Amino acid sequence: MEVDCTVDVYGDWHRHFMQAMLSQPAISADGLKKLVGDISGNTIRDLDQIKTFLLTVRSKVHSLGLDLKKGLSERDGRPVYALINTSGGEETVACAAFSEVQLRYLRALIQEVVTSVRGDISAMAALNLADGMPKADAQELLRRLVRDCWLEETDSRLALHTRAILELEPYLLRHYGEHVPRCQMCGKITVRGRLCEQDGCGAKNHHHCLGKMRDKMGVVKCQKCNSLMTDED
Amino acid sequence: MPRGRPRQSQNGTRATQDDDDGPLSQSLSQSQSQTQRRSQRRLSPVEEERLAARVVRYVLAAHGRGEPLRREKVRRLALEPQHGGYVNQVLQAADVKLRDVFGMSLEVLPNKRDLLLVNQLPVVENAPPLLAESELQKHGLLVAILALIFMSGDAGVDEDTLWRFLSKLGVHKDHKHECFGNVRKLVTEEFCRAGYLRKEEEVVKGVTVLRFFWGDAASVGVDAVDLLKFVCTIWGDEVEPEQWQEQYERALQLQEAREQREQARQQQ
């Protein structure tokens with residue numbers, strides 16, 4: 001391994017790391033720790049060093065309109081790190097690598113997922129949204145979107161991946177603001193979450209954030225209208 | 001496997017440079033200087049930086065999806081219409097960014113139409129794989145095919161030989177492969193479209209067959225000396241790259257062309 005590599009001066013460790021992030025756009029906290037350890041020949045191990053390493057990476061990639069962001073998975077609340085395009089979201093959705101038909105399909109998918117009650121749709125419903133595209137092509141595109149961490153699939157249901165939410169936040173707020181209110185607890189936008197049942201409240205909070213509140217306080221209370229929420233099934 | 005054996009004697013004929021490939025020393029910097037001679041106008045540093053970042057984001061996205069990179073597409077999709085005339089300046093700035101941040105260079109292939117991202121970082125032992133599992137396996141298949149063609153010399157490899165070789169590796173052209181899917185399509189279309197392989201049709205006894213050669217992307221992006229070392233490892237018997245005389249000389253020529261491109265770039 002190169003001897004002149006250091007944690008806080010951008011060098012080949014950081015470049016190796018960025019190359020790795022290109023092939024896996026989203027990575028778990030453990031995965032990230034292992035990756036940085038492997039790249040640096042286990043020189044970078046403790047959390048402070050990893051933080052410094054990530055800061056060095058982030059300040060470098062900002063000038064490219066990219067960022068390495070941490071988000072919590074709406075599925076299980078676990079941290080996910082993702083390399084994202086911060087240029088506004090429109091560019092991503094209008095991403096040149098998609099054809100017009102694919103793009104229309106992608107926009108329709110996002111709309112359907114975001115405006116659904118649960119924040120996810122069945123794989124079958126997703127396929128049925130394909131317009132002007134053979135089903136086999138739609139299926140292939142869906143596979144690609146899952147592989148590239150735009151969508152995540154759980155029990156044949158498709159939701160937005162944490163990476164997609166991080167990157168598309170400006171796009172989602174602009175087009176579907178009312179459907180993605182900020183969680184009362186973590187302050188992040190909520191696609192998959194629990195709606196407060198109180199009339200006129202409209203608060204939507206992440207399942208994992210509500211779970212944390214229950215663990216801490218024994219009850220789940222809407223932070224907006226203060227009404228008690230019954231346990232989820 | 002390759003025809004012939006590693007040579008111990010001096011009888012080998014020198015491998016000739018494939019003229020069809022054109023000079024390999026075409027580089028971004030050279031084509032840029034031509035454009036500049038035509039026009040002294042340049043984008044301001046701020047505009048250059050903004051557009052280079054756009055191009056980098058586009059190139060990375062297209063590369064990630066395994067799409068071939070075309071200069072025309074970059075101009076059309078990543079640049080604004082009024083900046084079309086500055087494509088070389090922006091591509092060169094994007095190359096500098098890509099090297100600095102990702103350790104990858106953006107090469108213009110000899111046909112001047114296609115672009116290629118090439119890793120410039122030293123290979124590190126035990127480093128994590130930089131490709132997703134399925135991409136890694138495809139890459140392995142491609143390297144095996146490139147090695148076969150490289151060892152076979154300038155005449156390329158006919159389809160039959162290629163499929164017989166691959167079947168020994170458990171990859172059959174008419175079977176749907178677990179990882180590669182439609183292998184025939186991957187080899188004869190995808191690898192060719194990406195510029196790593198070049199195919200030519202020839203008629204043998206009234207039947208049209210394909211013959212495969214290294215594509216421009218392979219000549220620019222694959223280190224032939226490393227490939228030869230890899231073949232020696234597989235071959236065993238403590239064979240050294242130098243013993244494959246023809247192939248070694250060809251590998252050195254390719255390496256030299258790389259170094260010349262690099263020098264031209266640095267002089268810019």
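In chain B, strand β7 (residues 197–204) pairs with β8 over eight bridges, in the antiparallel sense. Strands here are DSSP runs of E of at least two residues, helices are runs of H or I of at least four, both numbered from the N terminus, and two strands pair if DSSP finds at least two bridges between them. This is a predicted model: local features need pLDDT of at least 70, side-chain atom pairs count only at pLDDT 80 or more, and totals for chains, interfaces and linings use all residues. Residues are numbered from 1 along each chain as its sequence is written, chains are lettered from A and ligands numbered from 1 in the order written, and side-chain values use heavy atoms, without hydrogens and water.

The hairpin of β7(B) and β8(B) has two residues between the strands, and B:Lys205 takes a positive phi near 50° there. B:Arg198 has B:Phe213 as its bridge partner in β8(B). The charged end of B:Arg198 also sits over the ring of B:Phe213, 4.6 Å from its centre; that requires NZ of Lys or CZ of Arg within 6 Å of the ring centre and within 35 degrees of the ring normal.

Now the rings. B:Phe150 and B:Trp214 form a tilted pair, 5.2 Å centre to centre with 40° between the planes. Pairing of Phe, Tyr and Trp (its six-membered ring) needs centres within 6.5 Å; planes under 30 degrees apart are stacked, over 60 edge-to-face, the rest tilted. B:Phe150 lies in helix α5 (residues 133–152) of chain B and B:Trp214 in strand β8 (residues 207–214), so the pair ties together parts 64 residues apart in sequence.
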